[in-house]
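Take a look at the model below. We begin with one piece of packing and then widen the view.

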Amino acid sequence: METRYRQRYLDLMLNPEVQNIFKTRARIISYYRNFLDNLGFTEVETPTMNMIPGGAAARPFETHHNDLDRKLYLRASPELHLKKLIVGGLNRVYEIGKQFRNEGMDLTYIPEFTMCEFYMAYADYNDLMEVTELLLSGMVKKLTGSLRIKYHANGLDNEPIDIDFTPPFRRIDLISELEKMSNLSIPKDLATEAANKYLLDACQRFDVKCPPPHTATRLLDKLVGHFLEETCIHPTFIINHPEVMSPLAKWHRSEPGLTERFELFVNKRELCNAYTELNDPEVQRRRFAEQMKDRQLGDYEAMVLDETFCTALEYGLPPTAGLGMGIDRLAMLLTDSQNVKEVLLFPAMRPLEEIDVQVLSTLEMEVKQTHQ
């Protein structure tokens with residue numbers, strides 16, 4: 001397996017089915033692009049290197065610009081730039097490109113990944129749920145010939161699961177469903193120390209692991225993962241996240257303390273994140289300030305203040321909704337791939353010499369234990 005990833009040219013040469021995986025990936029991107037073009041969207045390009053990390057709750061990669069003699073950050077999301085374009089009058093924009101988040105790796109996630117983000121003026125998150133249903137159901141039908149797919153979620157040696165992309169997709173309210181599933185009573189004001197202690201106690205009670213820092217955002221996210229995400233096999237919208245979890249999303253029009261946000265989960269994994277965009281510059285500044293408190297507690301994935309974005313909002317962001325969807329996980333689903341490296345032509349790998357050292361160290365430890 002390692003050799004296949006390291007020498008992809010041999011893999012492609014010897015395994016025609018691998019070529020089909022990447023042809024399907026290309027068709028996914030083409031379908032996505034054509035779908036948005038037909039809705040009147042304009043494809044744009046925004047900077048990959050930025051002076052301020054922003055647009056997503058993620059630890060950024062850092063680099064150095066020699067001529068400017070300053071630190072720059074690889075983008076975690078093009079969100080703030082795309083919303084500035086909406087302010088400028090480009091009412092429907094999208095970008096398909098690489099994002100970089102300096103986080104861990106697992107079978108479905110890698111720090112350098114491809115995402116499509118699009119923003120739509122005069123729309124809200126309800127509109128985007130309908131657009132998402134049309135996009136995915138149409139794509140799955142076009143690429144597979146059916147609205148139902150078989151996916152070997154538990155490995156190729158076990159029976160595949162059935163995933164149904166027939167709209168409408170299931171919708172569950174984050175707080176009310178979490179309370180129902182866990183028998184908890186989530187505090188209304190999540191910014192208090194009492195709320196934080198309640199969530200920490202809940203995680204400990206249910207043996208839900210949450211590494212420090214124990215902010216309300218992180219604790220609540222872990223509880224959602226434990227109770228709700230595990231139920232999301234077929235496409236499911238988890239909706240109406242609390243404000244503390246959604247610093248760029250607009251407040252809910254009828255539920256105080258919540259936002260008009262949704263995440264789409266398929267096969268227990270997040271596929272996209274979307275919301276009605278916050279367009280009040282003063283509220284946005286306050287949200288950024290709240291995020292800075294989390295950073296001071298050690299949460300380096302929390303966002304920082306981007307005053308250039310707040311200034312843009314002062315010129316008027318119309319009612320807007322935006323969505324970001326991961327292409328890699330979507331390609332995994334539609335090619336029945338269990339490892340994200342299967343849908344990346346040249347995935348990041350540890351150097352061979354590091355692996356050899358690790359194997360040697362393990363063998364030495366086993367030998368020592370044997371002779372003790």
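The buried residues of helix 9 pack against two partners, helix 8 (216–227) and helix 10 (307–314). Contact here means heavy atoms within 4.5 Å. Buried means under 20% relative accessible area, with a 1.4 Å probe and protein chains only. Helices are DSSP runs of H or I with at least four residues, strands are E runs of at least two, and both are numbered from the N terminus.

Which residues of helix 9 are buried? They are Pro281, Val283, Gln284, Arg285, Arg287, Phe288, Gln291 and Asp294. Helix 9 covers residues 281–296, 16 residues in total. Its first and last C-alpha lie 23 Å apart, close to the 22 Å expected at 1.5 Å a residue. That expectation is 1.5 Å times one less than the number of residues.

This is a predicted model: local features need pLDDT of at least 70, side-chain atom pairs count only at pLDDT 80 or more, and totals for chains, interfaces and linings use all residues. Residues are numbered from 1 along each chain as its sequence is written, and side-chain values use heavy atoms, leaving out hydrogens and water.

Now the whole chain. It holds 12 helices and 13 strands. Of its 372 residues, 48% are buried. The C-alpha trace spans about 65 × 55 × 55 Å along its principal axes. The radius of gyration is 22 Å, which agrees with a compact globule because 372 residues would give a value near 21 Å. The radius is taken over C-alpha atoms, and the globule rule is 2.2 Å times the number of residues to the power 0.38.

Among contacts between residues at least 6 apart in sequence, 66% join residues at least 24 apart.

Key: Buried means under 20% relative accessible area, exposed over 50%, partly exposed in between (1.4 Å probe, protein chains only).
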